[in-house]
Amino acid sequence: MRDEIAAAVVFLSRLVRQCGSIPNEKMESFSSSLSAVLVEKFKNHWYQDFPAKGQAYRCIRINPEEPNDPVMESAVHKSGLEYKDLKLFCELTLWVDPSDVSCR
């Protein structure tokens with residue numbers, strides 16, 4: 001679980017760095033907060049032998065109908081940023097599953 005979360009955090013942090021101008025110390029805080037939030041959320045929803053089980057629960061989803069994902073909002077709040085600082089795409093889906101992290 002930790003490897004998959006680390007991959008998701010690296011991916012999302014790179015997106016945020018490319019899209020915005022957040023200082024390095026705030027980015028480090030955001031990355032650390034995001035990792036902690038994901039570990040806490042996934043700890044009872046990780047099924048190594050059945051990766052598809054719980055897939056929707058482990059999905060980070062941003063779209064025009066719901067532009068602020070709750071996991072991202074929590075990490076932003078904990079790191080002292082505002083969600084608008086992320087300047088992410090208006091459409092993003094990231095699945096964090098056992099042995100697989102994928103984005104659309």
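# Close-up views of a predicted protein model

Lys26 is partly exposed, because its relative accessible area is 28%. The legends below all refer to a predicted model.

Figure 1. Lys26 is a residue of helix α2. Along the sequence, Lys26 and Ser79 stand 53 residues apart, yet their C-alpha atoms are 6.7 Å apart in space. When neighbours within four places in sequence are set aside, the contacts of Lys26 are Ser79, Gly80 and Leu81.

**Figure 2. Phe30 is a buried residue of helix α2.** Like the residue of the previous view, Phe30 belongs to helix α2. Its relative accessibility is 0%, and therefore Phe30 counts as buried. Which residues does Phe30 contact, leaving aside its neighbours within four places in sequence? They are Ser13, Val16, Met72, Ala75, Val76, Ser79, Leu81 and Leu86. The C-alpha atoms of Phe30 and Lys87 are separated by 14 Å, and the two residues are 57 residues apart along the chain.

**Figure 3. Ser33 faces residues of another part of the chain from helix α2.** Helix α2 covers residues 24-42, and Ser33 is found within it. Is Ser33 buried or exposed? With 11% relative accessibility, Ser33 counts as buried, because the limit for this class is under 20%. Not counting residues up to four places away in sequence, Ser33 touches Ala75, Lys78 and Ser79.

**Figure 4. Pro67 lies in the loop between β1 and α3.** Strand β1 comprises residues 59-62, and Pro67 is located in the loop between this strand and α3. The relative accessibility of Pro67 is 45%, so the residue counts as partly exposed. Pro67 touches Ile62 and Tyr83, with residues up to four places away in sequence not counted. Leu94 is 27 residues apart from Pro67 along the chain, and the C-alpha atoms of the two are separated by 14 Å.

Figure 5. Most residues other than glycine have a negative phi. Lys87 is not a glycine, although it has a positive phi of about 50 degrees. Lys87 is placed in the loop between α3 (70-79) and β2 (92-97). Its relative accessibility of 49% means that Lys87 counts as partly exposed. Ser99 is likewise not a glycine, and its phi is positive, at about 65 degrees. The loop that holds Ser99 runs between β2 and β3 (100-103). Ser99 has a relative accessible area of 63% and is therefore exposed.

**Figure 6. Cysteine residues of the model are shown without disulfides.** How many disulfides does a search of the whole structure find? The search finds zero. Cys103 is in no disulfide, and the nearest cysteine sulfur, that of Cys59, is 9.5 Å away. A disulfide would require the two sulfur atoms to be within 2.5 Å. Cys103 has a relative accessibility of 38%, so this residue counts as partly exposed. Cys90, at 58% relative accessibility, counts as exposed, because that class begins over 50%.

**Figure 7. The whole chain gives the setting for the close-up views.** The protein contains three helices and three strands. From the N terminus on, these elements follow the order α-α-β-α-β-β. The C-alpha trace spans about 40 × 30 × 20 Å along its principal axes. A compact globule of 104 residues would have a radius of gyration near 13 Å, and the protein agrees with this because its own value is 13 Å. Buried residues account for 39% of the 104 residues. Of the contacts between residues at least 6 apart in sequence, 67% join residues at least 24 apart. The protein exposes about 6100 Å², of which carbon and sulfur atoms supply 50%. Its side chains include 13 positive and 15 negative ones, and the centres of these two sets lie 2 Å apart.

Methods
Residues numbered from 1 in each chain as written. Predicted model: local features only at pLDDT ≥ 70, side-chain atom pairs only at ≥ 80, totals over all residues. Heavy atoms only, no water. Helix = DSSP H or I, 4+ residues; strand = E, 2+ residues; numbered from the N terminus. Rg over C-alpha atoms; globule rule 2.2 N^0.38 Å. Buried < 20%, exposed > 50% of the residue type's maximum accessible area, 1.4 Å probe, protein only. Contact = heavy atoms within 4.5 Å. Areas by Shrake-Rupley, 256 points an atom, 1.4 Å probe, with all protein chains shown as cover. Lys, Arg positive; Asp, Glu negative; His and termini not counted. Charge placed at Lys NZ, Arg CZ, Asp CG, Glu CD.
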